Amino acid sequence: MDAVKKKIGIIGGGQLGKMMILEAKRLGFYVVTLDPTKDCPSHSISDEHIVAEFDDAHAYVKLAKKVDVITYEFEHIHAKVLEDLANNGHLIYPSVASLKVIQNKYSQNKKLGEHGIPIPRFAKIDSPEAIKRLGADDKFGYPMMLKATLGGYDGKGNALVMTEADAEGAYMLLGGDKSEIMAEEFINFDREISIIACRGIDGSRVIYPPAENTHNNSILDTTIVPARVSQEAVNKATEIADKVMEVFEGVGTFCVEMFVTHSGDVLVNEVAPRPHNSGHYTIEGCFANQFENHIRAITGLPFGNVALIKPTVMVNLLGESDGVARLVGLEDTYKDPNVHVHFYGKSESKKWRKMGHFTVVDDTVNGAIARAEKAKEIVKIIGV
């Protein structure tokens, strides 16, 4: 413990921050959270909680003075203030340089492309006419995906353009002249996968097994590990994830989301500089989970074993209705001893809001899927 940093600051007190803290406290670290919500999931287990908005520069400075190293649970934060803090000697992981690039989807794609990492075709858009020109281009064409370059998550900030008639409406939906927008080639994929990868301060890296993801309403619904893709696709995806970590020189846990096409190509969709929803399977499925290895990385500790113990399925629990959050069906769900429920502790349920998740482990992928389908019918989070 004497060789590592002892006080950790986390920007963001949601479920990812909470799960980081659970691992940090197990190792004896002191944790200070910065989040505007007084009863955020991290509040009850933080040693200190700075209640402040994410654009409050003074709060960032206050946090920095209290801790030895700062990390974050989501990327849409005040990078300029963090950059000033880093320039004044404060340790921030993942680095502010990588955060600034990844925050902007256009600059992220540009960086990946410059280093030869396979990505869909993309272009910056400044008008509906520019969309139509791309649509008429044989190398791009329709359909295409429009993305706001800043601030999008869980499908927010995206708009699908099927035909020329959709161009103006999609452009205005994403903010039109008020926002920076990019167009991306629509990939008719066979599977969506993601890989959790971790990089240490010394440059050491570990890479978790690829996870297969399905989405509902653009929100992650289910993660299956191992991913049901060819060994060739696994090898390609693993090599890509390793190269992404090298490109960004990030310290901590990253997630690389990818498409596997019907022809077996693997393309990067997006990179997240933090633990990720699709990595929750690692909590019960792997020897050392993504949150533990994130804490190990930012404090200079060697990594834990990332091997999969058994096939694992993770299912998100979204709010079924609005109101005071209530978890129902837990007793019946736990009649299956292979199910593990995680309730994030958000006080208010909203329809489609991520309120929790559960994982199922089994000796086979099909067995884990069957158990997960049964549990999905029983456990719910509702608003009352």
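Between which two strands does the loop that holds W352 lie? In this predicted model, W352 lies in the loop between strand 19 (348–349) and strand 20 (354–361). The phi angle of W352 is near 75°, a positive value in a residue other than glycine, and W352 counts as partly exposed at 35% relative accessibility. A positive phi is also found at E249, where the value is near 50° and the residue is again not a glycine. E249 belongs to the loop between helix 8 and strand 14 (252–261), and with a relative accessible area of 54% E249 is exposed.

The backbone also holds cis peptide bonds, and one of them joins Y93 and P94, with omega at about -10°. P94 is in the loop between strand 5 (91–92) and helix 4. A cis peptide bond likewise joins Y142 and P143, with omega about -10°, and P143 is found in the loop between helix 6 and strand 7 (144–148).

With neighbours within four places in sequence left aside, G135 is in contact with G141, Y142 and M144. G135 counts as buried, since its relative accessibility is 13%, and the C-alpha atoms of G135 and V161, which are 26 residues apart along the chain, are separated by 9.1 Å.

We turn now to the helix pairs. Two packed helices are described by the angle between their axes and the distance between the axes. The axes of helix 3 (residues 79–87) and helix 4 (residues 96–103) come within 10 Å and cross at roughly 165°, which makes helix 3 roughly antiparallel to helix 4, because an angle over 145 degrees is counted in that way. The crossing of these two helices, helix 3 and helix 4, is left-handed. On the side of helix 3 the residues A79, L82, E83 and A86 take part, and they meet V96, L99, K100 and Q103 in helix 4. Sorted by class, the contact of helix 3 with helix 4 has 5 nonpolar, 1 polar and 2 charged residues.

For helix 1 (residues 15–26) and helix 10 (residues 290–298), the axes come within 8 Å and cross at roughly 65°, so that helix 1 is roughly perpendicular to helix 10. The crossing of helix 1 and helix 10 is right-handed. Here L16, M19, M20, E23, A24 and R26 in helix 1 meet F291, E292, H294 and I295 in helix 10, and the residues of this contact divide into 6 nonpolar, 1 polar and 3 charged.

Helix 5 (residues 105–114) and helix 8 (residues 231–248) pack at an angle of about 110°, with their axes 11 Å apart, and they are therefore roughly perpendicular to each other. In this pair Q108, K111 and L112 of helix 5 meet V244, V247 and F248 of helix 8, a contact that by class has 4 nonpolar, 1 polar and 1 charged residues.

How many disulfides does the model contain? If a disulfide is taken as a pair of cysteine sulfur atoms within 2.5 Å, the count comes to 0 disulfides. C286 is in no disulfide, and the nearest cysteine sulfur, that of C198, is 10 Å away. C286 counts as buried at 4% relative accessibility, and C40 is buried with a relative accessible area of 6%.

Note on methods. Residues numbered from 1 in each chain as written. Predicted model: local features only at pLDDT ≥ 70, side-chain atom pairs only at ≥ 80, totals over all residues. Heavy atoms only, no water. Axes fitted to C-alpha atoms, helices over the stretch in contact; angles between N-to-C directions. Helix = DSSP H or I, 4+ residues; strand = E, 2+ residues; numbered from the N terminus. Parallel < 35°, antiparallel > 145°, perpendicular 65-115°, else oblique. Left-handed = near helix turned anticlockwise from the far one by under 90°. Contact = heavy atoms within 4.5 Å. Nonpolar A, V, L, I, M, F, W, Y, C, P; charged D, E, K, R; others polar. Buried < 20%, exposed > 50% of the residue type's maximum accessible area, 1.4 Å probe, protein only.
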